[in-house]
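Reader: I have a structure to look over. Could you take me through some of its packing?

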Amino acid sequence: MPFLGQDWRSPGWRWIKTEDGWKRCESFSPELEDEKSHLNNNISHTVILTDDEEEIYRTEDCEFAAKKRKKDHFRNNTKSQCFYREKWIYVHKESTRERHGYCTLGEAFNRLDFSSAIQDIRRFNYVVKLLQLIAKSQLTSLSGAAQKNYFNILDKIVRKVLEDQHNPRLIKDLLQDLSSTLCILIRGDGKSVLVGNINIWICRLETILTWQQQLKNLQMNKQVNSGLTLSDLPLHMLNNIFYRFSDGWDIITLGQVTPTLYMLSEDRQLWKKLCQYHFAEKQFCRHLILSEKGHIDWKLMYFALQKCYPIKEQYGDTLHFCRHCSILFWKDTGHPCTANDPDTCFMPVSPQHFIDLFKF
């Protein structure tokens, strides 16, 4: 089916997929003419052998075979996945005279520029969390192209973490959830909801297990720096750093570096502030945990409450949604809103809210 042009009443253009992405098909293109003549030559003498005689394809059959062979040729010779780089998309949930159909989760995931977003340290955690939520509950709702794009972006994330050694814990949690989901879908009745051959999904699961092993064997390179280090900072500055964290696992990880940092990471007041930031007082009363001395163990309470209630999420940058224009966009893309006061129309979109936008 050809892609439609800007005017919805036009018949549209013809497009072909190449190694560099989608290109418009020109009838006078010498490359396409050479390719067409090459394919026609390959099938011009094709025959079907039967017990009695040789039946030559009719003209219509030859044309159909040529189109199919040409389609398979370009598909098999495409070595790289085409990543979309749209900075904003229109989220339409119903058909109109100008727009047919609606925007699905898979379409939004395909069109938004997540491939470049993972290179931005402000957006990295946001994209990883979104992939994790999709892996838990929305993987089967993605189209085949969106699923392929999903695993291509995941491959880029794993390669990035193995190279720069940043945020390996986030990726380990993502791969663990994804492998658990695939194991459930591949076994038993789950085969019917997977798009594509079951062998492809088994290969993907094996790839995920390989990634998990690589991350498990990841060795942090020791930084050789003769200048000022974290241990050289005064205690009040180190303590101030701990109070900037919003994730308990980050506090524990930093506390494993030196004995001084471990002492600061065990501060009861630090964990109390963390619990008060994420949870309400009514939730404290239901999960009180006392230490041997009779004091509230805020550290254990934090992890106990985390299992029962969601924690507040913090991201350096998120997608935003314009309620006036129904546009989903990255904040720094300069979306041209037509409202009188555009700032009042924009609202940040959490990873869960992103998925909820496409539930009809």
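Reader: How are H10 and H14 oriented to each other?

Author: The model is predicted. The axes of H10 (residues 248-255) and H14 (residues 298-308) come within 11 Å and cross at roughly 140°. Angles over 145 degrees would count as roughly antiparallel. H10 and H14 are therefore oblique.

Reader: Which residues of H14 make the contact with H10?

Author: H10 contributes Gly248, Trp249 and Ile252. By class, the contact has four nonpolar, two polar and one charged residues. On the H14 side stand Lys299, Tyr302, Phe303 and Gln306.

Reader: Which backbone oxygen does the His320 side chain reach?

Author: The distance is 3.2 Å. The cut-off for a polar contact is 3.5 Å. The oxygen belongs to Thr318.

Reader: What kind of aromatic pair do Phe151 and Trp201 form?

Author: Phe151 is in helix H6 and Trp201 in helix H8, 50 residues apart. Both are buried. Their ring centres are 5.9 Å apart and the planes meet at 75°, so the pair is edge-to-face.

Reader: How many residues apart in sequence are the parts tied together by Trp271 and Tyr302?

Author: The pair is tilted, with 5.8 Å between centres and 55° between planes. Trp271 lies in helix H12 and Tyr302 in helix H14, so the parts tied together are 31 residues apart.

Notes
Residues are numbered from 1 along each chain as its sequence is written. This is a predicted model: local features need pLDDT of at least 70, side-chain atom pairs count only at pLDDT 80 or more; totals for chains, interfaces and linings use all residues. Side-chain values use heavy atoms; hydrogens and water are left out. Axes are lines fitted to C-alpha atoms, for helices over the stretch in contact, and angles run from 0 to 180 degrees between N-to-C directions. Helices (H or I, at least four residues) and strands (E, at least two) are DSSP runs, numbered from the N terminus. Angles under 35 degrees count as roughly parallel, over 145 as roughly antiparallel, 65 to 115 as roughly perpendicular and the rest as oblique. Contact means heavy atoms within 4.5 Å. Ala, Val, Leu, Ile, Met, Phe, Trp, Tyr, Cys and Pro count as nonpolar, Asp, Glu, Lys and Arg as charged, and the others, Gly among them, as polar. A polar contact is a pair of N or O atoms within 3.5 Å; within protein, one must be able to donate a hydrogen and the other to accept it, and residues adjacent in sequence count only if both atoms are side-chain atoms. Rings of Phe, Tyr and Trp (its six-membered ring) pair if their centres lie within 6.5 Å; planes under 30 degrees apart count as stacked, over 60 as edge-to-face and the rest as tilted. Buried means under 20% relative accessible area, exposed over 50%, partly exposed in between (1.4 Å probe, protein chains only).
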